[in-house]
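Here is a short briefing on one protein model. Keep the structure open as you read, and look up each residue as it comes.

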Amino acid sequence: MVNFLLERTAPLPLDEAWRRLTEWPRHGDVVPLTRVTVVTPPPTREGTVLVARSGLGPLSFDDRMEVTVWRPPADGEPGLCRLEKRGRVVLGWAEIEVRPGPGGRTRVVWREEIRLRFLPAFFDPALKAAARSVFGRAANALLRRP
């Protein structure tokens, strides 16, 4: 099991940073070889299910997630979303938090615990480095794209 934390400060209001990070199909635009589909009808709320399909052809797998906490930012208060990963291969959780930052900016905190079902713990350091890199670049790209 791998845990990591990403922190970013974005020159955006809270609600705009939240929108950019929680429009789930956008994640597929910035994570290589991945497409994200929301399975349940909108709007996003607790119980929303999404699937990130990653890979090429027969070497693809689904990362099935359910939103278990959905608290959008309101009146300058922080927002928090928690996703439980419930796929056959990818397990764990992810949390995306937006809170007021310095100078009217938004502070983003992305916490994640990830486990690949068939990957021995020996590979955890490599998995952690890869996950931090992929999700760090994804967070940067999502926050930069309108």
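Helix α3 gives six residues to the lining of the largest pocket, the most of any element. This is a predicted model. The points below start with that pocket, then turn to the core, a helix and some loops.

**The largest pocket**

- The volume of the largest pocket is about 540 Å³.
- Its lining is made up of 27 residues.
- Val 31, Ser 54, Asp 63, Val 134 and Phe 135 are the lining residues nearest the centre of the pocket.
- Besides α3, the elements that give two or more residues to this lining are β2 (34–38), β3, β4, β5, β6 and β7.
- Which classes of residue line the pocket? There are 21 nonpolar residues, three polar ones and three charged ones.

**The largest nonpolar core**

- The largest nonpolar core has 34 residues.
- Within this core, Leu 21 and Trp 24 touch the most other members.
- Two or more core residues come from each of β1 (2–10), α1, β3 (49–54), β4, β5, β6, β7 and α3.
- The biggest share comes from α3, with eight residues.

**Helix α1**

- Is helix α1 enclosed by the rest of the structure, or open? Helix α1 covers residues 14–22, and seven of its nine residues are buried, so the helix is largely enclosed by the rest of the structure.
- The cut-off behind the word matters here: buried means under 20% relative accessible area.
- The buried residues of α1 are Leu 14, Glu 16, Ala 17, Trp 18, Arg 20, Leu 21 and Thr 22.
- What do these buried residues pack against? Their partners include two helices, α2 (25–30) and α3 (124–144).
- They also pack against the strands β4 (61–71), β5 (79–86), β6 (90–100) and β7 (106–116).
- Leu 21 deserves a look of its own. Leaving out residues up to four places away in sequence, Leu 21 touches His 27, Ile 96, Val 98, Val 108, Trp 110, Leu 142 and Leu 143.

**The loop between β2 and β3**

- Pro 43 lies in the loop between β2 and β3.
- The peptide bond that leads from Pro 42 to Pro 43 is cis, and its omega is near 0°.
- Thr 48 is found in the loop between β2 and β3 too.
- Is Thr 48 buried or exposed? Thr 48 counts as buried, because its relative accessibility is 1%.
- A polar atom of the Thr 48 side chain lies 2.9 Å from the backbone nitrogen of Arg 45.
- Thr 48 touches Val 38, Thr 40, Pro 43, Met 65, Glu 66 and Val 67, not counting residues up to four places away in sequence.

**Positive phi in two other loops**

- Leu 33 sits in the loop between α2 and β2.
- Its phi is near 55°, a positive value in a residue other than glycine.
- Leu 33 is exposed, with a relative accessible area of 53%.
- Asp 75 lies in the loop between β4 and β5.
- Asp 75 is not a glycine, yet its phi is positive, at about 55°.
- Is Asp 75 buried or exposed? Asp 75 counts as exposed, because its relative accessibility is 80%.
- The cut-off used for both residues is this: exposed means over 50%.

Key. Residues are numbered from 1 along each chain as its sequence is written. This is a predicted model: local features need pLDDT of at least 70, side-chain atom pairs count only at pLDDT 80 or more; totals for chains, interfaces and linings use all residues. Side-chain values use heavy atoms; hydrogens and water are left out. Buried means under 20% relative accessible area, exposed over 50%, partly exposed in between (1.4 Å probe, protein chains only). Helices (H or I, at least four residues) and strands (E, at least two) are DSSP runs, numbered from the N terminus. Contact means heavy atoms within 4.5 Å. A nonpolar core is a set of buried Ala, Val, Leu, Ile, Met, Phe, Trp, Tyr and Cys residues joined through side-chain atoms within 4.5 Å. On a 1 Å grid over the protein atoms alone, a cavity is a set of points where a 1.4 Å probe fits but cannot get out, and a pocket is an open set with protein on both sides within 12 Å along at least five of seven lines; lining residues have an atom within 4 Å of a point. Grid points are joined across faces, edges and corners, and a volume is the space filled by probe spheres set on the points. Ala, Val, Leu, Ile, Met, Phe, Trp, Tyr, Cys and Pro count as nonpolar, Asp, Glu, Lys and Arg as charged, and the others, Gly among them, as polar. A polar contact is a pair of N or O atoms within 3.5 Å; within protein, one must be able to donate a hydrogen and the other to accept it, and residues adjacent in sequence count only if both atoms are side-chain atoms.
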